[in-house]
Amino acid sequence: MDFLLEEEMIDLLTYCLQNQDSDVNEKKKRITEIGKELFADGGVDAMENMFFALENRIKEEIGKDPKPFRALWNGNSDEWKY
């Protein structure tokens, strides 16, 4: 499951980083949902591990930093504050 979510997140974050259109809001909603799924499945550790992998891959592939999107997962845990 994590592999499929990681691939979906790569697509979503890449799209959001490269586009400014109205579809971005829908993509952000899905990113938020995935954060909730990850937290329910594995807690903050799962979210940290996922975002670490995403950040490295996206920086390498398109040269942009997805860190601002971590804030979309705020509210899942008191430990996750970005």
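Helices here are DSSP runs of H or I with at least four residues, numbered from the N terminus. Residues are numbered from 1 along each chain as its sequence is written, and side-chain values use heavy atoms, with hydrogens and water left out. As the model is predicted, local features require pLDDT of at least 70 and side-chain atom pairs count only at pLDDT 80 or more, whereas totals for chains, interfaces and linings use all residues.

The end C-alpha atoms of H2, a helix of 40 residues, are only 20 Å apart. A straight helix would reach 58 Å at 1.5 Å a residue, the expected span being 1.5 Å times one less than the number of residues. Just after H2, glycine 63 adopts a positive phi of about 70°.

A search of the whole structure identified three aromatic pairs. Rings of Phe, Tyr and Trp (its six-membered ring) pair if their centres lie within 6.5 Å; planes under 30 degrees apart count as stacked, over 60 as edge-to-face and the rest as tilted. Phenylalanine 51 and tryptophan 73 form an edge-to-face pair, at 5.6 Å centre to centre with 90° between the planes. Because phenylalanine 51 lies in H2 (residues 23–62) and tryptophan 73 in the segment after H2, this pair ties together parts that are 22 residues apart in sequence. Both phenylalanine 51 and tryptophan 73 are buried (under 20% relative accessible area, with exposed over 50% and partly exposed in between; 1.4 Å probe, protein chains only). The rings of tryptophan 80 and tyrosine 82 are also edge-to-face, with centres 4.8 Å apart and planes at 65°. Tryptophan 80 is buried at 1% relative accessible area, while tyrosine 82 is partly exposed at 39%. Ring pairs link Phe51, Trp73, Trp80 and Tyr82 into a cluster.

Tryptophan 73 also features in the largest nonpolar core, where Trp73 and Ile31 touch the most other members among 20 residues. Such a core is a set of buried Ala, Val, Leu, Ile, Met, Phe, Trp, Tyr and Cys residues joined through side-chain atoms within 4.5 Å. Helix H1 (2–18) and H2 each supply at least two residues of this core, the largest share, 10 residues, coming from H2.
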